[in-house]
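Take a look at the protein below. Please keep the sequence at hand as you read the report.

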Amino acid sequence: MSGEAFDVMVVGSCMTDLVSQAPRLPKAGETIHGQKFFIGFGGKGANQCIQAARLGAKTAMVCKVGEDFFGDNYIQNFKDNGVHTDFVGQTPDAATGTASIIVNDAGENAIVIVAGANMLLGGEELQGALLAVSRAKVLVCQLEICPQTSLRALRMAQENKVKTIFNPAPAIADLDAEFYTASDVFCCNESEAELLTGSSVANVEEARQAAQQLLKRGCGSVIITLGPQGCVVVKAQGLTSTLVQTTACATVDTTGAGDSFIGALAFYTAHYPTMPLEEMARRANRVAGVSVQAVGTQSSYPFKRDLPAELF
């Protein structure tokens, strides 16, 4: 199977989400009553892979989970969503990653992650996936695994002329400069852009300036997502930035919306390679806009059949 040609390959994280819904987020030292608890599937890498798969991309995940209940369930979840699991490894040396999430009535969230087995994904696993990566259309990486593993995967893709999408999340201030040059599309949200540039990104104009600053570091193009305001797109060959606005919708839960956007972007990049990046971002905004209208992370991600035909 390693010789198959995938539309989208994701090298990244798997997290089991432990989700509590409460009227508001608790203050330090405070205990409050919540209304509901559930266990779901998350992790930035897996989320992005699942969303791409649900839109119709042929996907494969390169990741590591524990030899435990959560790990077994996660592998089955990939299979249930049509994601190829040949490159999903299980280790006895660490537990499957977890994310403890609190969601308030406004749909805002606070998250604590314990990476676990995700941090054991390394060069050996990448080498095992090299043939598949070299034949893929798009490779997606984030920062919930060892950063050097992500960077090596991006370089591996570039060397084989595979399009790269990098999501620097969770953001780290001293990001290796090579991440920029290894990214055909560098996509982050406003808080990540603030940390990476050291400048405020509180509005569209500041996002434009931050995107230009990031572009100068060597990216092929930059997208900064701005939640309900849409996103700013800047391309290396263009001197101007474009604001891609989103459609207003009733927000229930924003958890995983950024990953839905990236997964959709990866799908459009693989399936419509000549489509302008701004149009890909507009459609990805629409997909992510559907995800915030339901509770949960992957459970809120739409399938192709749930979306208007004009998005395909």
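## Helix α7

This is a predicted model. Start with helix α7, which spans residues 190–197. Four of its residues are buried: Glu192, Ala193, Leu196 and Thr197. Viewed down the axis of α7, these buried residues fall within an arc of 120°, so they line one face of the helix.

What covers them? After α7 comes Gly198, with a positive phi near 75°.

## The largest pocket

The largest pocket holds about 1200 Å³ of space. Its lining counts 47 residues. Nearest its centre lie Asn189, Thr254, Gly256, Ala257 and Gly258. Several elements give two or more residues to this lining, among them β2 (15–21), α1 (44–54), β10 and α7.

Which element gives the most to the lining of the largest pocket? It is α9, with five residues. By type, the lining has 19 nonpolar, 21 polar and seven charged residues.

## The second largest pocket

The second largest pocket has a volume of about 260 Å³. It is lined by 16 residues. Closest to its centre are Lys163, Thr269, Pro273, Leu277 and Met280. The elements that give two or more residues to this lining are α9 and α10.

The lining of the second largest pocket divides into eight nonpolar, four polar and four charged residues.

Methods. Residues numbered from 1 in each chain as written. Predicted model: local features only at pLDDT ≥ 70, side-chain atom pairs only at ≥ 80, totals over all residues. Heavy atoms only, no water. Buried < 20%, exposed > 50% of the residue type's maximum accessible area, 1.4 Å probe, protein only. Arc of directions from axis to C-beta. 1 Å grid on protein atoms, 1.4 Å probe; cavity = no way out; pocket = protein on both sides within 12 Å on 5 of 7 lines; lining within 4 Å. Points joined across faces, edges and corners; volume = space filled by probe spheres on them. Nonpolar A, V, L, I, M, F, W, Y, C, P; charged D, E, K, R; others polar.
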